[in-house]
Amino acid sequence: MFAALGDETRLSLVAKLSDGQSYSISQLTEGSKLTRQAITKHLRVLESVGMVHSSRAGRESLFEFSPQPIEGIKQYLDLVSERWDRALSRLKSFVEG
Amino acid sequence: MDNRIEKRIELKAPVSRVWRALTDYREFGEWFRVKLDGPFVPGQVARGRITHPGYEHVKWEAVVQKMEPERLFSFTWHPYAVDPKIDYSKETPTLVEFRLEKIAGGTLLVLTESGFDKIPSERRLEAFRMNEGGWTAQMKNIESYVAQKP
């Protein structure tokens, strides 16, 4: 999941898609220095981790953002973070007396 | 969104005091709330049981990585590995690192936990279930008890 986001092109694709609308590959390739093939490859990576899903509309594939995987991880990290806050504040009380 | 968590905390205690609280298995157990079977040894598994009321059945296990005196203590573990039917050894553990630095007034402790990208989604759900089980409430109870202990 993190690897999928750790790429500028993929990040900008996610940014574009996060407005909630469906986009075709042509629309996503517009204004980009990359080829249609390269953009498709990036979209497939995002699709493989569930961040994006595609549907067919006639001959075109349309891509849409799926927020659930990101939300799941973010909440988990928040939980782990909170748990460490509590453990460290117990450590603080323990050593400071 | 990061693959790691970092916490920085300033402690009004000397580095050697903090080091002991981290690496002496009985002291670690007191504030971390786990009853460990024996001392931490680099390369060896540390085992014990969580001591929060309501979670006494939960086994705790970590593999100690580095113990560089008064500088770095680290271990790998499987957070929320609470189901006795699951073989967690197949999953990639996260790495917990405690780094200590002397500062004016005491010690800067930097904690990092990394390796979250490999945690399966069922494990994340487990974390939420445990949390909803009143973990937070129990921690508050114990926190006030220990705050009385020097």
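Predicted model: local features only at pLDDT ≥ 70, side-chain atom pairs only at ≥ 80, totals over all residues.
**Chain A: what's in it**
- Chain A has five helices and three strands, and along the sequence they come in the pattern α-α-β-α-α-β-β-α.
- Take the contacts in chain A with a separation of 6 or more: 50% of them come from residues 24 or more positions apart.

**Chain A: confidence**
- The average pLDDT of chain A is 86, and 95% of its residues score at least 70.
- Among the elements of chain A, helix α1 (residues 2-5) has the lowest mean pLDDT, at 72, while strand β1 (residues 23-24) has the highest, at 94.

**Chain B: the sheet**
- Chain B has an open sheet of seven strands, paired antiparallel in the order β1-β7-β6-β5-β4-β3-β2.
- At the edges sit β1 (4-11) and β2 (34-36) of chain B, each pairing on one side only.
- From one strand to the next, the twist averages 25°.
- Zooming in, β4 (residues 59-68) and β5 (residues 72-77) of chain B pair in the antiparallel sense over five bridges, and B:Val63 stands opposite B:Thr76 in β5(B).

**Chain B: helices on the sheet**
- Helix α1 (residues 15-23) of chain B lies across β1, β4, β5, β6 (94-103) and β7 (106-114) of chain B, and runs at about 160° to β6(B).
- Helix α2 (residues 25-32) of chain B packs on the sheet too, touching β2 and β3 (45-50) of chain B, with its direction at about 165° to that of β2(B).

Terms used. Residues numbered from 1 in each chain as written. Chains lettered and ligands numbered in written order. pLDDT = per-residue confidence, 0-100. Helix = DSSP H or I, 4+ residues; strand = E, 2+ residues; numbered from the N terminus. Pairing = 2+ DSSP bridges. Axes fitted to C-alpha atoms, helices over the stretch in contact; angles between N-to-C directions. Contact = placed C-beta atoms within 7 Å.
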